[in-house]
Amino acid sequence: MAVSVSSERDTVASPVQRAFREALYAGAISLGLFILFIGLKTDQNISNQLILAQRWGLLITVVVLTMLGRFFYIAYGQPFMANQKIADVATGLLPASVASRFFQLPAFIVAVVLAVILVAFSSALPALVGPDLAGYLQFLRALAVIYALACVIFYFRAFIHANFTKLGIAALVLYPILVVVVLSVYAWSIMGGLQGSLKWVDNYGIQILIYVMLAWGLNIVVGLAGLLDLGYVAFYAVGAYAYALLGSHYGLSFWILLPAAGAMAAFWGVLLGFPVLRLRGDYLAIVTLAFGEIIRLVLINWRDVTNGSAGVSGIPKVTFFGLMTFNSSDPNYIGKVLDIAQSSAYYKIFLYYLILALALLTAFVTTRLRRMPVGRAWEALREDEIACRSLGINTTTTKLTAFATGAMFGGFAGAFFAARQGFVSPESFVFLESAIILAIVVLGGMGSLVGIAVAALVMIGGTEALRELDFLKSIFGKDFTPELYRMLLFGMAMVIVMLWKPRGFVGSREPTAFLRERKAVSSSFTKEGHG
Amino acid sequence: MSANSMKDAILQVEHLSMKFGGLVAIGDLSFQAKRGEITALIGPNGAGKTTVFNCITGFYKPSEGMITLNGADGSSFLLERLPNHEIPARAKVARTFQNIRLFSGMTLLENLLVAQHNKLMKASGYTILGLFGIGGYRRASAESVELAKHWLEKADLVDRADDPAGDLPYGAQRRLEIARAMCTGPELLCLDEPAAGLNPKESAALNSLLMDIKSSTSILLIEHDMSVVMQISDHVVVLEYGRKISDGSPQSVRTDPRVIAAYLGVDDEEVETVLTEVGDEDVIEQLDIGPDSAHGPGTSSSYLAGPVSDTIGHSEGERVTVSKGASKAAQFDARVSAAPRKPTERATAKPAGKSPTSKPRGGRK
Amino acid sequence: MQYFVQQLINGLTLGSIYGLIAIGYTMVYGIIGMINFAHGDIFMVGAFAALVVFLILGSLFYSVPVVLALLIMMIVAMLLTSLYNWTIEKVAYRPLRGSFRLAPLITAIGMSIALSNFIQVTQGPRNKPIPPMVSKVYDIYGISVSLKQIIIVIVTALLLALFWYLVNRTSLGRAQRACEQDRKMAALLGVDVDRTISITFIMGAALAAVAGTLFLMYYGVIAFSDGFVPGVKAFTAAVLGGIGSLPGAVLGGLLIGFIESMWSAYFSIDYKDVAAFSILAIVLIFLPSGILGRPEVEKV
C-alpha cells in the first residue's frame, strides 16, 4: 500500500525521520478523510429526524492508528521488505529465509500442545475462566491449529509444490469425511459430528466451491479468450431460475434440468455475444454489465413468472440420482433406505460432492479444451486478434464459443445454487457477485486454474471466517457486529492483494504443448486481450 | 494479357483502388505475381504497399478492382469478396506483418500450432469429438507438431521451441512469423518488410529461408532493403503514391529512370522551371502550399487535424495535382516531355535531391 | 404536450446529475484508460458529506439562507470528495499504472466495495432522510417546474461552463489533453503527468460531489448503497456519448435522463433501467465507439 510521496528527496533522511514525516502526512490525510464520517454519525432520534452523534474519541483513535501504522511501515516494514525481497517471484509466497524463521519446531510443538489442551478442555472453559476469556481462547485455538497446519505444509512444501493438483483434489475429496470424523471424535458421537459438520461443509466447502466453479467458468471468457465480461452473474441467474422455475412448476428432476440449465445459459451467451462481440475492450465490458443488470431487472419486474423480488421458493431438492431422496418424509428417504439415523448433514455432504464434481468437470473440460485447437485459438485471440485472422481463424465463432462455454458452466453452477438454497431471488445476482467472481479470476492469475482456486479459498473463505470473530464483541462491546466489517475488509483485501501481486497468485502460464520440455511462460509475455 | 500468362499467374491484381475518405491510397493498380516466383513490391514510404497487402489479405475492402487468386488445383478466388479469415483458410494466402504480430505469451510451438487451427478443428470434429477422445485428433495433433517442427528447423528455431515467442530476439521473431505463416500451408506468402531491422547476418539467413520457401510457395514481398530485393526476387513492381511506376525484372527496374527519380528525387526548383515551361500552374500553386499534409486515416484522430486534402490523380494522361513532395516520377515524366534531356544523368548527378517526405498512409502503424 | 414537456424537464434534471457524474468517468478513462468503478461511490460519499454538513449547519444555526447552505454543502463536499478520490488514486491506482490492464479495474471495484461499506459501517445502513430544503414549485402554462429543478440545471450549466473553460483554455487543460494523447511524450515535454492525473481525479470528484449534493437536495434521502445505480447509469451515459469525450458525457447523461423519464411516463416505470441499458447496447452495436467517440481504426 506504500506510495512514497517523496522518496527521491529523502535519500539522505534516515528511515525513522522519513517515517515520522510520512506519519504526519498520513495523519493529516486520514483526519481529513474521517472527520465527517467517523467523528460524526448521523442517527435518527425518536421522532425520526436525523441528528448528529459525536465520536471524537474514535476519530482520534483511528487517526493515531493510521499514523502509527504508516510510521512502522515506513520505518521498519519497508526496509525489511526491501531486504527480504518479500515477494518471491516464482511462488509468490514467503521466501524461504523469512518462512524458515517463522516456522520453527519449538513453536510448532507449542502450537500443537496448546491446540490439544484447548480442545480437550473446550467444554469446561467457559465455566473455568468466564465466557469472555473463553472466546479469546477459542480464537487462540484456531490460530494455533492454523499455525500448526501451516508448519506441516511448510515442511512438506517441496512435495506439495510438485504434486499440488493431485493433493488438492485428494484434500477436497476427503474434506467432508475428515470434518465428520474429527468432529465426531470431538463431540464423542457420530450424530454430533454430522450436525457439527454442517457449517464446515456447507458454509465453507460448498460456498467456496461454488465460487471456484464460477470463477473457472469465467476464466474461459476472461482468462483465456481475454474478453472482459462484467455480467457473468447473468448466466448464473439464468441457470438458477431455469432450475427453480422448471423444477418447481413441472417437477422435473435436477438431473434433467442441470444440462438444460447449462444449455439455456449457453444459448443466452450466444444471444448476447452475437451482437456485441465486435465491440472492443471497455465497450464490451459495459454492455455485458448492462446485460447482467437487464436480466436482474427483468427477474425483479416480471412478477407473473419470477415472483419478483420475493423470489421462487420451494425448489425441489436434488435426489440421489433418482434412487434416494433427502426429504425425511419421503418413503425413499436416504435414512430409511440405508437404515441410518436421520440427519440433514447427508444432503449437505452429497451437495458438497456434487459441486466438487461439477467444479472438477469445469476444470477437466478447461484443461482439455486448452489443448484443443479451439482453446489455443482462445488464447491466441487474447494475444493478438489480427494475427488470428491472418491465420484463418474465424474470430467471431471463436469468441462465441468462449462466451457460450463460460456461460454454460455459469448455468450449471446456477442450477446447483438453486437446488442448494431451495430458494432464489434476484438479490443473489447483483453486480457485486460478478465483480467478486471477476476479482477471483484476476487475483488468481488469469488462466491459471490452481491460482483461481487458491484465490477463491482466500477471498471467500477469508470473508466467511470473519463471521467467526464473535469474541471481538467482548472487546468492542455488545453493539459491535464483526459481520458488518466483512465486506469492508473484503474490498480492502482486494486492493491490497492486487497491489501486492498485480498478475495474480499464479502469474505464469502453462504451455499447452511442448517439444522437449514443459516450461512455464512468465506473465510478462502474456497479454490480457483487448476485447 | 495472353492466356498463357493468365495460367501461371498465381495472383492477379486488376485496377485496384483504395480510397480512405478523400485520400487515394492506391489508384488503379494492376500487376500480377507468377507461380513459383518471388515478386517484390517496392516503393518509397507511403507508396501504398502495405495497403495493397491489406487489400489482398482482406483486412481492407478495396474501393474498386479485382484481386484474383488462382490455386494450383485450378480453383480461383476473388479475394476482395472473401471474408478476412477465409482468405488464409480457403484461398491459402498467408501473410506476415510489418510490426511483428506474434502470440508473445505462447511458446514457439504453440504459435505454429495455432496456425494449423482449421486443419486441427476438422480433425477434432469441431472440438466435440476430440473432447471425448474420439476420432483422429490425436494423430492429427501429432502430425501438426511434426509440421511445426519441420518449419522450426527451417527457421533455425527448434532449440527454442518451448520458449515464449515474446522472449525471442527481433530477427528470430521475424523468422518465426514466417514459419507460422508457412504452417497454414499457403500457396502465396505475403511478407511485409521481412528484412526490416535485421543485421546483415540475419538478413542472409532470411534470404536462404525465402529461397527455400520459394521452391514450394510463391512469395509476394514488400521490402526496403534493396540487397534483399535484388538478390532474391524474380520480378519487381514499383509503386509510388499508389500508382505503379515500373514493373519488370530487378535489372530493368534498377535502371528505370522513373524509379530512380522516385527514390532519389529531383530538385524542386528544377521541377518548377520545367513545369513553368509546360505551363502547369496548378502544380506550381500546389508546390507552394505549406507542409505536407501527411495524415493517414489512422492518425487523424485529433480534432486539430484538418481535412485530408491531397488527392492523387491516377488516370493516365490526367493532370497530377498533389502537394509538395509528391510523385517524383510524375514530375520526371512532365520534365521529360517538356524538355527532352538526358534524364539518368541528371538524376544520378544530383543524389542529394529531396526524397519524398510524406508519411506512410494506408493504416500503417 | 404539457405532459411531454413536463417529462422533458424531469429528464433534463436527471440527465444533469448523470452528466456531472459521467464527466468523472470519461475524464479518468480518457487520461489513464481505466474504468474508475469507485466513482459511483465517490458520488455517494459526496452526498453523505453534504448531508453531514447540512446537519451541522442545522444544529449550529437557527436558520441559514438556502442558497448559502447549499453553497457551503457543495464546497465542503467537493473538498472532502476530492480528498477521497486523490487518496484512492494515489493508493490504489498509481502503483498499478502501466501494469496489467485489469489490475486497476479490480482495485477500483475493491475500492468501490470498501467505500460503500465504510459508509455503512460508520454511518449505519439505514436511509438518511432530510427535511425538504427547497420546496417552491412554479406553474408555467400548466407545467410545474420546481425550484429544485431550476437550481440543478443552473448549477450544472455553470459548472460545465467553468469546466469547459478549464479544459480548453488553461495550461492545466492543455496538459490534460496532452496526457490523454500520449502520456510518455507529454512527460518528455515537461508535463508533470502524475500531478495532471491527480488533478483529473480531483476535478472528477468535485463534479461528482456537486452531483451528490444536488441528488440529496432533489430526493431528500441518501443511503450507503445509493452510489451504485447512479454510478452505473453515469458510466452508461459516458459510454453512450463516447467514452473519453467530454461533450459526449454530458450528451449521454442527458440522453439517459430523457430515456428514463420518457419510458417511465409512457411505458412502464419498472423497466426504465432496462430501456436505458438496452438503448446503450443498441447504440453501441451501430456506433461501436458511442455517439461522439472517436472511431477506433483497426491498425494492421
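Visitor: What makes helix 9 of chain B (residues 200–214) a helix, and which strands does it lie across?

Guide: Helices are DSSP runs of H or I with at least four residues, and strands are E runs of at least two, both numbered from the N terminus. Helix 9 of chain B spans residues 200–214 and lies across strand 3 (38–42), strand 7 and strand 8 (218–222) of chain B, running at about 145 degrees to strand 8. That angle is taken between N-to-C directions, from 0 to 180 degrees, with axes fitted as lines to C-alpha atoms, for helices over the stretch in contact, where contact means heavy atoms within 4.5 Å. This is a predicted model: local features need pLDDT of at least 70 and side-chain atom pairs count only at pLDDT 80 or more, while totals for chains, interfaces and linings use all residues. Residues are numbered from 1 along each chain as its sequence is written, chains are lettered from A and ligands numbered from 1 in the order in which they are written, and side-chain values use heavy atoms, leaving out hydrogens and water.

Visitor: Why are strand 6 and strand 7 of chain B called paired?

Guide: Two strands pair if DSSP finds at least two bridges between them. Three bridges join strand 6 to strand 7 (residues 188–192) of chain B, therefore the pairing holds, and these strands run parallel. Ala94(B), for instance, has Leu189(B) in strand 7 as its bridge partner.

Visitor: What makes strand 6 of chain B an edge strand?

Guide: Six strands of chain B form an open sheet of mixed pairing, in the order 6-7-8-3-9-10. Strand 6 (93–95) and strand 10 (243–248) are its edges, since each pairs on one side only.

Visitor: How do you know that Asp270(C) and Arg303(A) form a salt bridge?

Guide: The term requires a side-chain nitrogen of Lys or Arg within 4 Å of a carboxyl oxygen of Asp or Glu. The side chains of Asp270(C) and Arg303(A) meet at 3.5 Å, N to O, so the pair qualifies. The count between chain C and chain A is one salt bridge.

Visitor: What makes up the area buried between chain C and chain A?

Guide: Buried area is the accessible area, for a 1.4 Å probe, that two parts lose on being put together, summed over both. Chain C and chain A bury about 6200 Å² between them, 74% of it on carbon and sulfur atoms. In chain C, Phe100(C), Arg101(C) and Ile106(C) lose the most area to chain A, together 12% of what that side buries. By contact, 73 residues of chain C meet 66 residues of chain A.
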